[in-house]
Amino acid sequence: MKYWIVFFILILGACAHHKDVRPGTEGVHWVSVKGDDPDAAAENALSQARHFCEEQDLRMGVVEEKNEYKGDMDEKEYNQAKRTSKAIQSAGVLLGGEAGRMARQGGHVASQSIGQGYRYSMKFKCL
C-alpha cells in the first residue's frame, strides 16, 4: 500500500512543473500564465514550457508570444499599488515582532487583493 502512495505523489509532483501547458495539435503547444509583473509571468511560462519539452528529451522553441497587462485598474496605478504592498511587507521584516508580522500579513493581503495583472501567453514547439 505504501508504494502506491509514493507513486501517486511522484506522479502529481511531475505534473506540477508544467500545470499551465496545454498540448496542441501538429506539435504546437500553448501556455498562458498570470503574474505580478511581465517578467515574472514570462519566466514562469517559459520554465513550464522548457520542462514540458525536457521530459521528452527535446528543446523548447517559441513560435509566438504575447505579454500584456490585463488588470482591472490602470496599469500605472496597479504597479504603484504592487510596489506599496511590497514595501509594507519589507517594512514588516524590519519591524519584527507582532507589529512586523501584522505589516507583512497586511502587505500580503493587499497584494493578493490587487491580483496578478500581467498575462504571458506563448505557442511553442518541442524540437
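## Salt bridges

Let's start with a pair of neighbours: in this predicted model, Asp20 forms a salt bridge with Lys19, and their closest N and O atoms are 3.4 Å apart. The two partners sit in contrasting surroundings. Asp20 has a relative accessibility of 17%, so this residue counts as buried, because the limit for that word is under 20%. Lys19, on the other hand, is exposed, with a relative accessible area of 56%.

How many salt bridges does the model hold? The count comes to five. Another one of them joins Asp36 to Lys82, with the closest N and O atoms 2.9 Å apart. Asp36 lies in the loop between β2 and α2, while Lys82 belongs to helix α3, so this pair ties together parts that are 46 residues apart in sequence. Asp36 is partly exposed at 23% relative accessibility, whereas Lys82 is buried at 4%. A further salt bridge links the side chains of Glu43 and Arg50, at 3.8 Å from N to O. Here Glu43 is partly exposed at 43%, and Arg50 is partly exposed at 34%.

## The sheet

Now let's look at the strands. In what order do the four strands of the open sheet stand? The order is β1-β2-β4-β3, with antiparallel pairing. Strands β1 and β3 stand at the edges and have a single partner strand each, so one side of each is left without a neighbour in the sheet.

Next, β2 pairs with strand β4, residues 118-126, in the antiparallel sense over eight bridges. If you find Gly35, its bridge partner in β4 is Tyr118.

Next, the inside of the model. As background, nonpolar side chains tend to be buried together in soluble globular proteins. The largest nonpolar core here has 15 residues, and the members that touch the most others are Val31, Phe52, Cys53, Met60, Tyr120, Met122 and Phe124. The elements that give two or more residues to this core are β2, α2 and β4. Helix α2 gives the most, with seven residues.

Leaving aside neighbours within four places in sequence, Met122 is in contact with His29, Trp30, Val31, Ala45, Leu46, Ala49, Met60, Val62, Glu64 and Glu65.

Is His17 found in a loop or in a helix? His17 lies in the loop between α1 and β1. With a relative accessible area of 46%, His17 is partly exposed. Setting aside residues up to four places away in sequence, His17 touches Gln48 and His51. His17 and His51 are 34 residues apart in sequence, yet their C-alpha atoms are 6.7 Å apart in space.

The other stop is Leu94, which has its place in helix α3. Is Leu94 buried or exposed? At 77% relative accessibility, Leu94 counts as exposed, because that word applies over 50%. Leu94 and Arg104 are ten residues apart in sequence, and 9.9 Å separates them in space, C-alpha to C-alpha.

Technical notes
Residues are numbered from 1 along each chain as its sequence is written. This is a predicted model: local features need pLDDT of at least 70, side-chain atom pairs count only at pLDDT 80 or more; totals for chains, interfaces and linings use all residues. Side-chain values use heavy atoms; hydrogens and water are left out. Two strands pair if DSSP finds at least two bridges between them. A salt bridge is a side-chain nitrogen of Lys or Arg within 4 Å of a carboxyl oxygen of Asp or Glu. Buried means under 20% relative accessible area, exposed over 50%, partly exposed in between (1.4 Å probe, protein chains only). Contact means heavy atoms within 4.5 Å. A nonpolar core is a set of buried Ala, Val, Leu, Ile, Met, Phe, Trp, Tyr and Cys residues joined through side-chain atoms within 4.5 Å.
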